[in-house]
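Let's take a friendly walk through some strands and the way they pair. Keep the picture open beside you as you read.

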Amino acid sequence: MAANRLADERSAYLRSAAHQPIHWYAWGPEAFAAARAAERPILLDIGAVWCHWCHVMDGESYENSATAQILNENFVCVKVDRDERPDVDARYQRAVQMLTHQGGWPLTAFLTPDGQVFYGGTYFPPEDAYGRPGFRTVLASVLEAWRARRGQVESQARAVGDVLGRHLDDGLAGELSPRLLEGAADLMLGAYDAAHGGFGTQPKFPHPRAIEFLLGRWWDAADGGPAARRLREAVVGTLDGMAAGGIRDHLGGGFHRYSVDAEWIVPHFEKMSYDNSELLIAYSDACAALGVEAYADVARGIVHWVREVMADPDGGYAASQDADVGLDDDGDYFTWTRDEAAAVLAPAEFEMAAAYYDIGTAGEMHHDPAKNVLHVPATLSAVAVRLGVAPDAAAQLLASADAKLRAARALRTAPFVDRTRYTNWNAMMASAMLRAGAVLDEEWAHAHAIATLERIRREAPEPDAVAHTPGGLGGLLDDQVQAAAAALDAYEATGDLAWLEWAERLMDRVWRDYRDPKGGGFFDRARAPEVGEGLLPAAIKPVEDTPTPSANGVAAAVSVRLHELTGDARWRERAGEVLRAFAGRAAELGLHGATYLLALDRYLGAPNEFVVTGAARDPLAARMYRTALAAYAPRRVVRRLTPDDVGRSTLPPALAGMLARGPAAAAYACRGTACSPPAVDEAAWQAELRARAPAATLESS
């Protein structure tokens, strides 16, 4: 079959549809001009290469010749990759949700020729089934309405657009108060699942930023009382539940996107860069804060998966790894029958692995009940006791079994990896790798993160702006603020002033191009004379994590950090304006406002600043600097200062005073404006950092 218009697209998702019998258009003016010229409705399909049900609908409907004929003769068909065009997805998701109270992928929307929504949904089976109308039934109904009641349809579409325009601004001004943080913590704890960890019931998503928020609240409580214990229980219970569950890839490392059950056992098997970056930070911080080595093992697993599967040797990270390799597949690459496991393991290894990972004759997968999702219902020590095996021998057997299962899995056809380098997700992963590199002492993670950020900066179309992909779409807020956040992380991790200066340039441009001068906060797209087709002119000002971190929350946090690092009051003023723009909604955001709440906490609370001074090549200063980078504290600021920094215009007076001691290595821990006496050796510095930790830090979990 001849290729359609999608064959030359950059998106892997669009190219995957290049041989479908549908006359697809990519999003753009050509599609809308064709719809207006033919006076046809538009079928808009928004999906992603990692989306299982997108592939199912492709196979069932879009690759069906009879369905294709209906579409080609009566519609203009537009296919969009939601990862490539998050701005298109955000607007049409909201419009369809207004009409149907459901959203997700694939998003199936029907538009007037000017791009207004009049009907939509998500996945439609080819024929009436599962309580859903079949796709052909939907097409017939849409066509009947378009032909017989076109005026009514267009009127409804305009009404939807009018209402939508009033609901795209998430801003609601309010006063900033610590009570907002207390109320948000109570909301999160109210949703905590004490039986299995996590928040809510099913499906269950990780919410790593909420974990970060609660971890910081626990650290600040520092009294071991009932409130602090509740916070710690939610953090530990969630991290432990995910680490033991099937949502974690116990062989290859990393996490799948979410769990379909409350127990974290059966996941949707796609692996997303953005999920794993946020979880890497959560487990690294929890390891540093709580002293739990098991969290370091989980973090190392994520780093291993990124290094082996996602990392570009020249810097940069792939976007996602698919869930499966075909329509009849559902995580088969990641799951095991009892016979499959037994075939590659020695009897003693199999007995240990089957007991530890719960590999039984009855598995968890509906499409193939013999398939088991590897998860850990009991600790290795408990399994060893049950099997009558010594602890050291049990660990050796499990390690040997893991190696053989990994090797056998590597012989299977692996799910597709989308190697697109999205700037926002690459910046997030670079930040996570810098954090993991410090906590785990992983030099590769640190070096690759810096190489990634250097590549983003090198490929940027302008000195103060980045594109969504190299040479691709520009003008998206999330790319700018995530790049700025990662630049600040690189500055703290290296002491290289160029990263701080780049972050300032990016955020000055954000203030100029994205700010809402009337209501405060930032729009998701830069203001421009030509804003595009369909719903793209609609201005969205988002604050919720959906599920990637809120760009407005990230922008506020970056602005506070810039104030901390430069002493420039304009950054604190800007952060306050952004935070006040959404403060009226903060009390209701809960789990979905964690990024905003972390920024608010940073704005209201005193920073915990770790400063290391000394000559540039002083080995003692370098070691104390590494210790500072690995330490945990909420609202943490790390600085490496040398005598060359004396007189620097961006250096607050207190730090200049520290440098006045001379070139000898010293380290200071500061809370707000109060600083410890200088620590002049590693033991004293480590003791000072331990003294600032909550008394319960080293409790076993």
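In this predicted model, strands E13 and E14 make a hairpin, with two residues between them. Gly672 sits in the turn and has a positive phi of about 65 degrees. The two strands, E13 and E14, run antiparallel and are joined by two bridges. Look for Cys670 here: its bridge partner in E14 is Cys675.

Now turn to E13 itself, which spans residues 666-671. Is this strand mostly covered or mostly open? Strand E13 is mostly covered, as five of its six residues are buried.

Elsewhere you can find an open sheet made of three strands, in the order E8-E9-E10, with antiparallel pairing. Which strands lie at the edges? They are E8 (271-272) and E10 (417-418), each of which pairs on one side only. Strand E9, residues 320-321, is joined to E10 by two bridges. Across this pair, Ser320 stands opposite Asp418 in E10.

| Strand pair | Direction | Bridges |
|---|---|---|
| E13 and E14 | antiparallel | two bridges |
| E9 and E10 | antiparallel | two bridges |

Conventions
Residues are numbered from 1 along each chain as its sequence is written. This is a predicted model: local features need pLDDT of at least 70, side-chain atom pairs count only at pLDDT 80 or more; totals for chains, interfaces and linings use all residues. Side-chain values use heavy atoms; hydrogens and water are left out. Buried means under 20% relative accessible area, exposed over 50%, partly exposed in between (1.4 Å probe, protein chains only). Helices (H or I, at least four residues) and strands (E, at least two) are DSSP runs, numbered from the N terminus. Two strands pair if DSSP finds at least two bridges between them.
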